[in-house]
Amino acid sequence: MEITIVTVAFIVFALISLGGAIGVVTCHNLFRGTIWLMVSLFGAAGFFVLLSAPFLAAVQVLVYIGAIAILFTFAVMLTRSISNLKTRFTRLNINIAAAIALFVLLVVGVIAPVFILNPDLQQPVSSVTRTTIDLGEAFARGNSFALPFELASLLLTAAMIGAIVIARESDDEV
Amino acid sequence: MEILNQWAFIGVFAVAAPIFPALPILIAWILRPSKPNVLKSQTYECGVETVGDTWVQFRVQYYIYGLIFLIFDVEMVLLFPWAMAYNRLDAFASIVGVIFILLLLDGLLYAWNKGVLEWK
Amino acid sequence: MDCTGLCETLFRGGLDQGIAQFISLLVGVLLVSGVPLVTVIFLIWVERKIAARIQDRLGPNRVGPFGLLQTFADLIKLLIKEDITPTAADRLLYNAAPLVAFASVVLIWGVIPYTPYHFGADLEIGVLYMVAVASLGTLAIMTAGWASNNKYALLGAFRVVALLVSYEIPMVFALLVPVMLAGSMSLLEIVHAQGGMWFGIMAPISAVLFFISAQAETGRAPFDLIEAESELVAGFNIEYSGMKFGMFFAAEFLHVFTNAILLVVFFFGGWYGPLWQEPLIAFMWLGLKASVLYFISLWIRNTVPRLRIDQVMWFNWFRLVPLSIANVLVIATVVKIMQLLNLAPRNLIGASFGEVLPLTLVLLLANIAMGLIIVGQLRTAGQTARVAAENRASVRAAIGD
């Protein structure tokens, strides 16, 4: 396997994603955990770019890092004060052992057999790439994904209404 | 894969961009005096000592604004491909997008009427 | 990846292809980022001079001719100031926040087309990239407020983030219009599509919406409750001193000019102007138009009073957001009807002035109609307010007697 710049980029993004994930589960501080989560998702955005889906990469950064990180921070602030933003880890050793065992089980039992038995998955990523305009047309045309597009909108509206109802009820002053 | 060429530029730029502000800060670190003092390093509160924990009266209003922003963010992001392909679409397809926007406008009107958008 | 220009020269000179590509990319990055970094040095002087003149005073005029070296004096001052980091602050995040805030503004310049042939990167999703990178700055401010471990910094950060997040909605909705008209999110193609007619003339209300939201995004008056020194003691950057504060400061100034350039790219023709085929002249037109818009935003900043946070939020959620949505709906309807009637070209890139003229006129009419409705609304609102104020005054007069 030759080391091209794409391979280097893949390794870098893999390290960022995994490092961020490890940071989330090991840090004691809730706000820092949020930041590590955003670092990890930034790595995921990098993968989307490598897979020729820059639209999804931009969506990832915009929605997760731009909106959800801020919501996490607000939610953390709503539930506790700054000074006790620390969590305690109990029974650390057995938890780590269980996680490693689960990981090994997953790789050996599920991922490796599927990968080896399925020759389609062993091809590099297809060189046929669709552009974002094709995505837009797919969203809107009647013989394509118009209905899921509208359902997505309905889902978003339902989410907004539900969130408003919950936020109102928990606010005693309203 | 020509688009990767463009993104390679962005990749190098993204690594270089935090270095540009880091350089003056490094130069400042070399040049500036460093006389730490217990009083100077304390948290600032208009010259008096901090009373109590660093606890903040958090308003629910911030959270509601963030939430509604998130919903609209996802909506806008889904609208961009539709807008990109807009010139090629037929009438039905453009109405699909209009209905998408109208459904979310509906949600906004609900929020408006329930009074959650006001800053109390 | 293809390897042309500088990369090819280096490759032929004997370097490994990967290293040659990297060096050519690095040179490109330095050239592209040179423009904002040099501009910000000049901008600080411009800002202070114009603010001073509007306030009927002289402004910096001691350091260098006309005070032009004032920025360097400020720079040296900030470099040699002691950096007081509170002990309770979160070191890593405290130091990272100014870097990310500045980087998020500089990264936007990677997609801005300076001339038809000179730009950083022509991304297929240029507009989304720009909005995504700007939203990184929001997180940086929140981090700064939290990492300072200071009540006031946190309160200030919450208010700022609430403001930034609220005004991002009308800004992005206003950006849907150029994307719709040009049929592409690439900034280069959006500028190319304005060859026949500027989008600012086809959709002036979108341009105004983007301008107002951008003013609010950078925290400029009338929305400058972020840096209102009399409240909240300087807000989220209260615990920052020395060069770290300088970076927040420089990032804000650069952000305002970036918004001016983006306004030109999206709505006012980018590098088009007489004799635009010469790259140098095209670049000059871009700079000139951006400077005019930057001056207008400075003018507004130094003239209008500051709004309260509840007024700011009311204005956004009850006026700007519905207006921006209605704007998109109206323009979408008009454009599609014109395209179905074959009066408008399906592809604006390369369309001539005459082909675009019917679409321009109809869109302009629609925008004027919307503008009249808005102005009528403002009139009635103003009249109601005046009547209410007169009633209050007469009630007070009756009681006072």
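At what angle do helix 2 (residues 17-54) of chain C and helix 10 (residues 242-267) of chain C pack, and how many Å apart are their axes? In this predicted model, the angle between helix 2 of chain C and helix 10 of chain C is about 95°, and their axes are 9 Å apart. Helix 2 of chain C is therefore roughly perpendicular to helix 10 of chain C, since angles of 65 to 115 degrees are counted in that class. On the side of helix 2 of chain C, the contact involves C:Pro36, C:Thr39, C:Val40, C:Leu43, C:Ile44 and C:Glu47. These residues meet C:Ala250, C:Phe253, C:Leu254 and C:Phe257 in helix 10 of chain C. Sorted by class, the contact of these two helices comprises eight nonpolar residues, one polar residue and one charged residue.

Helix 2 of chain C also packs with helix 3 (residues 70-80) of chain C, at an angle of about 110° and with the axes 8 Å apart. This angle makes helix 2 of chain C roughly perpendicular to helix 3 of chain C. Here C:Ile41, C:Ile44, C:Trp45 and C:Arg48 of helix 2 of chain C meet C:Gln70, C:Thr71, C:Phe72 and C:Asp74 of helix 3 of chain C. The contact of helix 2 of chain C with helix 3 of chain C contains four nonpolar, two polar and two charged residues. C:Ile44 takes part in the contact with helix 10 of chain C and in the contact with helix 3 of chain C.

A further helix pair in chain C is formed by helix 12 (residues 309-340) and helix 13 (residues 353-400), which pack at an angle of about 155° with their axes 10 Å apart. Helix 12 of chain C is therefore roughly antiparallel to helix 13 of chain C, because angles over 145 degrees are placed in that class. The crossing of helix 12 of chain C and helix 13 of chain C is right-handed. Residues in this contact include C:Leu323, C:Val330 and C:Val334 of helix 12 of chain C, and C:Val362, C:Ala366 and C:Met370 of helix 13 of chain C. By class, the contact of helix 12 of chain C with helix 13 of chain C has 13 nonpolar, three polar and one charged residues.

Chain C also forms interfaces with other chains. With chain B, the contact takes 70 residues from chain B and 84 residues from chain C. The area buried between chain B and chain C is about 6,900 Å², and carbon and sulfur atoms give 78% of that area. On the chain B side, B:Phe9, B:Phe80 and B:Asn87 lose the most area to chain C, together 11% of what that side buries.

With chain A, 24 residues of chain C are in contact with 23 residues of chain A. About 2,100 Å² is buried between chain A and chain C, of which 81% comes from carbon and sulfur atoms. Across the interface of chain A and chain C, zero salt bridges are found.

Definitions and conventions
Residues numbered from 1 in each chain as written. Chains lettered and ligands numbered in written order. Predicted model: local features only at pLDDT ≥ 70, side-chain atom pairs only at ≥ 80, totals over all residues. Heavy atoms only, no water. Axes fitted to C-alpha atoms, helices over the stretch in contact; angles between N-to-C directions. Helix = DSSP H or I, 4+ residues; strand = E, 2+ residues; numbered from the N terminus. Parallel < 35°, antiparallel > 145°, perpendicular 65-115°, else oblique. Left-handed = near helix turned anticlockwise from the far one by under 90°. Contact = heavy atoms within 4.5 Å. Nonpolar A, V, L, I, M, F, W, Y, C, P; charged D, E, K, R; others polar. Buried area = accessible area lost by both parts, 1.4 Å probe. Salt bridge = Lys/Arg side-chain N within 4 Å of Asp/Glu carboxyl O.
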